[in-house]
Amino acid sequence: MDKKWILSEAPFIPLRNLVVFPYTVVPLLVGRPKSIAAIEKALSSDKMIVVASQKNGFVEEPTPGDLFDVGVGVEIIQILRLPDGSYRILIEGIQRVKISKFDSSGDHWKVQIEPIEDIFEQSSRLDALMRVASDKFAIYSELNKKVPQEALLGLSNVDTSPRLVAIISSNLFVSTEDKQRILAEPRVEEQLTIIIQILEKENIILELSRKIDDEVRNRIEKGQKEYFLREKLKEIEHELGEEGEGAGIISDVKKKLKGRKLPKHVMDKINEEFDRLKKIPVLSPESGVIQNYLDWLATLPWDKATVDTVDVDKAKKILDKNHYDLKDIKERILELIAVKKLKSDIKGPIICFVGPPGVGKTSLGKAIAETLGRKFVHVSLGGIRDEAEIRGHRRTYVGALPGRIIQGIKQAGVRNPVFLLDEIDKVGADFRGDPTAALLEALDPEQNNSFSDHYIELPFDLSGVLFITTANITDTIPPALLDRMESISLPGYIDEEKLHIARQFIIPKQIENHGLRVEDVEISDNAILKIINDYTREAGLRNLERSIMKIARQVAKNKVQKGEVHARITEKNLDKYLGSPEFLREETEKKSMIGVTCGMVVTQAGGDIVYIEATKMPGKGNLMLTGQLGDVMKESAQAALSYVRTHADQLAIPVDFYDKYDIHIHVPEGAVPKEGPSAGITIFVSLVSILKSKPVKRDVAMTGEITLRGRVLPIGGVKEKVLGAYRAGIKTVILPKANEKDLKEVPAEVFKKMNFRLIENVEEAVKEAIEE
């Protein structure tokens, strides 16, 4: 039968970092003088004493505020006096007590207490809580090796819930505060709930700790295993005469080199690196650098090349299959193949395709690779500003790699691929170097047979590579680099060419890509032409293809949702698929106006037209120029005005106009910078128009540089400008007489439909452009 506590006052011992529970036997080592006196007082009477925990175990002389007010009444069941005067005692917890008064005035501590009864009623919930607590404690004891096995065995003999609480609580390795929370709670069900919460938390932490321990142990064991195997490997290599730290790596590299014929200087370098690797510990960072370097040397195609296909007729069929028209470019490619057939070791030319976006520059590179039967490598240079991107990083840097050219050669797996350097006009330069300077060596047929990459540090023969570059404009390409390349212009397509391309290439491709059949969709020629003029208006084909993709998506949706099996797209119902037209003709194109003249320009998107506006107002001869004009264009305006003032009589303009009027010249789209001398004749015609108060013909466009003597000088980009004017609906074009030779490049269809006026002086332009 359980003992009961009957005393209201008893000697007291404060405990440090220990909580005693009823029904448990606990050993104590007592050394504080007042605690020794309290034990001697208890021994002289009934051996009963009260214990309670300190809030702070470092306090030597605790006050009531330093103690928890709930403790346990205990009986001293065994005592041993030690030589130093301290006691080792064994106490048994009897009952929880509430300390109401604390007295430290005498030679020992004593307290007045009130016994605390356990509050519980036997129920199914209490049984369930006891079972859950027992199960979780069993898991806890398995995870925490500090829990004695006797504690777990003791649970099987427990017949009351208070005893279960006492056994589990006394064997928890948790904080004093957590244990005190259990001790202070009078309700047994709540005690069990607290215990379950604590056990759940502790089990999770212990499980994670065990996993972490296992991971660390596995790593250590793996490292020891690797060390052991490595030592064994050294012994085996010693017996075979293949000593050295990196012998395994060397063996791998030799396997890659088996049967290959590398240049002597490459093999010498590989053997040199083998010797270095043998002397360096495998775990050294330098070892990893050498391994990567050897891997690059072994995998680069020093001795691998494809055999060119030199069948001109087959090449022509491939080019015609992939690209419409482009006769000059196809002819140049066929010439290259023909020369290759006659002289196989000829150095490959460096070809630069120049033209607006979407005209097929990149796809031409792929077609050339297909015609020659070579591998194709594509590298985009747009936005590159670091020279190391081209020539590689030196191996002293962490994570160093070869440059884009050597990486591309490795990717191809042969030393003579077709290598496309895309967007070469968009390469920049900054404090890290100028990438275009690094390209000079690679793109020079006289030097690239020994191209040096900073990472490889060995000359690599690029003379077999067919380099092709692309650019939108050549103005931003350094002259030295441009001089090494053969520029071939792709100015863009006229409407008829786009119509053919849409019919032969784009529409069949998109029908297939969208899971449609040929009979599911029909697009009329007029609808395609309306897309070209009102929805895209570009030199290339990208927006045209996007528009046809949009139509195909709409048709696919209608087929799935509504079951439509045939869609006919015409000029009338096109807006149902594409919405409202994006490009509308401006008012200035519909009627002739005073001071508004149509000029022609070349942009990155191809040829286009621009309207130059001029007006006069009362003033004193000031000239205003707006529209973000460059210096050269401003000088052209000054030259035009000077000629008008000098030859006012011949032009039938009042001689004193300069004293009465200010003149304002404006080029619309002010956010776009404009530059170049070719707008001189356009500005001149606008000035004469406002001063004579006569309109400029609306369907006439012009271009040409002027001099102070009234001569009209030749300009560039004639084909692009003419095509841009044709796309805009211009009927008559005025060009410098010296550009007559350039009209041969204009497509025959365009040449037939437009009128060309070739002039040598500005007064001829006035007669052709200004309405009388």
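**Patches, a helix face and a loop**

Visitor: Hey, where is valine 216 found?

Guide: Valine 216 sits in helix 6, which covers residues 188–240. Keep in mind that this is a predicted model.

Visitor: Okay. And is valine 216 buried, partly exposed or exposed?

Guide: Valine 216 counts as partly exposed, because its relative accessibility is 41% and that class lies between 20% and 50%.

Visitor: What about charged patches? Which residues form the negative one?

Guide: That negative surface patch is made by Asp328, Glu331, Glu335 and Glu745. Glutamate 335 belongs to helix 11, residues 327–342. With 40% relative accessibility, glutamate 335 counts as partly exposed.

Visitor: Switching topic: which residues of helix 14 are buried?

Guide: In helix 14, residues 404–412, the buried ones are Ile405, Ile406, Gly408, Ile409 and Ala412.

Visitor: Why do those buried residues line one face of the helix?

Guide: Look down the axis of helix 14: its buried residues fall within an arc of 160°, so they line one face.

Visitor: Nice. What follows helix 14?

Guide: Glycine 413 does, and its phi is positive, near 80°.

Visitor: Last one: where is glutamate 423 found?

Guide: Glutamate 423 is in the loop between strand 9 (418–422) and helix 15 (435–442). It counts as partly exposed, at 24% relative accessibility.

Visitor: How many Å separate the C-alpha atoms of glutamate 423 and alanine 639?

Guide: They are separated by 36 Å, and the two residues are 216 residues apart along the chain.

How values were computed: Residues are numbered from 1 along each chain as its sequence is written. This is a predicted model: local features need pLDDT of at least 70, side-chain atom pairs count only at pLDDT 80 or more; totals for chains, interfaces and linings use all residues. Side-chain values use heavy atoms; hydrogens and water are left out. Helices (H or I, at least four residues) and strands (E, at least two) are DSSP runs, numbered from the N terminus. Buried means under 20% relative accessible area, exposed over 50%, partly exposed in between (1.4 Å probe, protein chains only). The arc is that of the directions from the helix axis to the C-beta atoms. Patches are made of residues with over 30% relative accessible area and no salt bridge: like charges are joined within 9 Å, nonpolar side chains (Val, Leu, Ile, Met, Phe, Trp, Tyr) within 5 Å. Accessible areas come from the Shrake-Rupley method with a 1.4 Å probe; for residues, only the protein chains shown count as cover. A salt bridge is a side-chain nitrogen of Lys or Arg within 4 Å of a carboxyl oxygen of Asp or Glu. Lys and Arg count as positive and Asp and Glu as negative; His and the chain ends are not counted. The place of a charge is taken as NZ of Lys, CZ of Arg, CG of Asp or CD of Glu.
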